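This report covers side-chain links in a single chain. Please look at the sequence and the structure before reading on.

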Amino acid sequence: MAFLVFSLSNLALTLFAAIITAFISPAAAGSGIPEVKAYLNGVDAPGILSIRTLIVKIVGSIAAVSSSLLVGKAGPMVHTGSCIAALFGQGGSRRYGLTWKWLRFFKNDRDRRDLVTCGSAAGIAAAFRAPVGGVLFALEEMASWWRSALLWRAFFTTAVVAIILRALIDVCLSGKCGLFGKGGLIMFDVYSANVSYHLADVPPVLALGVIGGILGSFYNFLLVKVLKVYNLVNEKGTFYKIFIACTISIFTSCLLFGLPWLVSCQSCPSDASEDCPTIGRSGNYKKFQCPPGHYNDLASLIFNTNDDAIRNLFSKNTDSEFQLSTMLIFFVTCFILSIFSYGIVAPAGLFVPVIVTGASYGRFIGMLIGSWGNLSHGLYAVLGAASFLGGSMRMTVSLCVIILELTNNLLLLPLIMVVLLVSKTVADAFNGNVYDLIMKVKGFPYLETHAEPYMRQLTVADVVSGPLQLCHGIEKVGNIVHILKTTMHHGFPVIDESPHSESPVLYGLILRAHLIALLKKKAFLCTPVQLGADAFRHFSSDDFAKKGLGNVDKIEDIELTDEEMEMFLDLHPFTNASPYTVVDTMSLAKALILFREVGLRHLLVIPKISSV
């Protein structure tokens with residue numbers, strides 16, 4: 001009866017999360033960090049930051065985490081923060097009646113990108129109650145383009161998050177939140193006492209980093225293989241997506257309920273800090289079919305929230321609480337389940353599963369070393385989590401600060417730094433960052449920070465492809481419509497030729513959205529003459545503001561008569577007359593660095609010597 005209640009509850013929650021994700025917003029599936037990272041790199045995938053995705057992400061993440069699937073909520077919280085920021089950046093949502101006039105100042109690409117960066121920092125700050133870690137995470141992992149003003153804006157955002165969290169936790173500590181808030185939100189405050197370690201403890205810590213790097217890279221390798229298999233199955237239709245989710249849920253329930261039978265019961269410690277065994281609530285000592293006065297240590301990890309399981313693994317003075325076989329079984333289970341749970345059609349994060357898996361492997365290593373070292377098993381669990389995070393996610397500074405803010409002890413800093421650096425260095429020899437690998441599987445183009453060596457041997461002229469689509473300073477309406485209908489480019493060079501210029505000269509760049517806005521207003525000319533400043537009489541700044549998600553005007557929606565097609569448009573007043581340009585002999589590596597570091601959308605290539 002207990003198994004039926006457990007498995008059916010998990011199945012119902014998983015099914016609910018899968019259905020709302022598959023039918024309402026497929027973009028809400030997965031972590032969301034790869035999508036936001038791709039957006040900040042310049043790839044605006046459809047629907048990833050819409051209000052529909054936001055709602056499904058919140059509700060689906062609650063259901064998925066509650067369903068005993070080994071998934072986290074840190075990734076979905078980053079995506080949630082970014083969705084809220086994007087909605088502010090587009091002035092709210094007209095469809096749902098959530099608009100504010102003062103938000104129109106942010107309706108441009110740069111401000112929206114900055115807001116999304118701050119939103120991702122707020123997500124990590126809220127998930128781990130780590131405001132400084134959130135800022136560093138946005139800087140190190142998410143943002144492709146950073147400036148000093150963005151640093152204090154992100155810091156201000158995470159500071160507000162920390163204050164609000166503190167206020168909510170105080171309410172919960174007064175007993176008004178049930179099981180929600182005793183001890184804070186994912187706050188593993190387990191090392192407030194002094195930690196002493198010696199030179200003899202360094203070799204095991206280095207070994208922990210090496211093993212963590214190897215395991216982390218192997219984890220990434222398996223995750224990519226599983227995601228590719230899931231993609232093949234998902235292409236067959238929505239039914240198959242939901243079927244995979246339900247299958248994984250049933251498999252997880254069977255595994256979690258069956259594995260505790262494999263380990264023996266242990267007698268309750270005489271100096272236990274809480275009731276042993278714990279029945280009817282979360283705690284460290286689950287009875288699970290054991291006789292009175294005994295507890296099942298594996299069930300104590302499995303039938304708890306991920307947060308409580310991590311707190312149990314990190315806790316000090318518990319060296320005798322877990323058996324060696326328990327740690328091995330729990331590590332292998334978490335390693336496998338977190339890989340298979342991630343790719344299902346439901347919001348699912350990777351941070352917490354990786355921390356749980358790393359903590360169990362670290363504690364297992366600590367139990368093997370035993371009395372040979374001075375470090376407690378709980379400290380090995382912290383270092384194991386750090387090494388596995390470093391091996392999988394390849395971040396150093398942000399992870400170090402997040403773990404320090406989680407464990408609330410600055411004395412761990414040297415050991416965590418060493419472990420993260422070693423695990424990242426080892427893992428980099430095998431494959432890439434887990435989020436970069438997921439981006440490749442999902443098909444998001446990503447511009448790397450560094451140029452490949454072969455790019456130094458090429459010039460920009462070697463990679464230019466044609467035919468070039470361009471507009472003249474005064475262009476016939478029919479030609480503009482033809483260019484917009486036959487290409488998907490978002491920017492077009494504007495050229496001045498005779499009689500407006502003695503020789504062909506580059507005047508500037510005009511955006512696709514601006515051309516469509518001009519066609520929509522139908523401020524056409526009967527003769528090809530320059531208007532100058534008079535052209536702005538028919539337009540307001542709102543006509544050229546960045547459109548909200550799903551509100552982009554399309555050329556197919558604009559109806560023009562044959563007579564209008566023969567008329568002219570003066571593009572000079574609406575053209576960016578100072579676009580970034582490079583000569584065709586410039587090194588491709590230099591052009592890539594310029595494009596990425598300045599955060600460009602378009603880079604114009606002009607001949608070094610005019611052919612005219």
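How many disulfides does the structure hold? The structure holds 1 disulfide, a disulfide being a pair of cysteine sulfur atoms within 2.5 Å. This is a predicted model, in which local features need pLDDT of at least 70 and side-chain atom pairs count only at pLDDT 80 or more, while totals for chains, interfaces and linings use all residues. Residues are numbered from 1 along each chain as its sequence is written, and side-chain values use heavy atoms, with hydrogens and water left out.

**Disulfide**

The disulfide joins Cys265 to Cys290, with an S to S distance of 2.0 Å. The pair links distant parts of the chain, 25 residues apart: Cys265 is in the loop between helix H9 (238–258) and strand S3 (266–267), and Cys290 is in the loop between S3 and strand S4 (294–295). Helices (H or I, at least four residues) and strands (E, at least two) are DSSP runs, numbered from the N terminus. The link of Cys265 and Cys290 is left-handed, with -90 degrees about the S-S bond. Cys265 is partly exposed at 33% relative accessible area, whereas Cys290 is buried at 4%. Here buried means under 20% relative accessible area, exposed over 50%, and partly exposed in between (1.4 Å probe, protein chains only). Cys118 is buried at 8%, and Cys471 is buried at 0%.

**Salt bridges**

The structure holds 9 salt bridges, each a side-chain nitrogen of Lys or Arg within 4 Å of a carboxyl oxygen of Asp or Glu.

| Pair | N to O distance |
|---|---|
| Arg147 and Asp114 | 2.2 Å |
| Arg394 and Asp428 | 3.3 Å |
| Lys476 and Glu566 | 3.4 Å |

Arg147 forms a salt bridge with Asp114. Arg147 lies in the loop between helix H6 (131–142) and helix H7 (148–176) and Asp114 in helix H5 (residues 109–128), so the pair ties together parts 33 residues apart in sequence. Arg147 is buried at 18%, and Asp114 is buried at 3%.

Arg394 and Asp428 also meet in a salt bridge. Arg394 is in the loop between helix H14 (377–393) and helix H15 (397–407), with Asp428 in helix H16 (residues 413–428), so this pair ties together parts 34 residues apart in sequence. Arg394 is buried at 7%, while Asp428 is partly exposed at 40%.

A further network of salt bridges links Lys37, Glu141 and Asp436.
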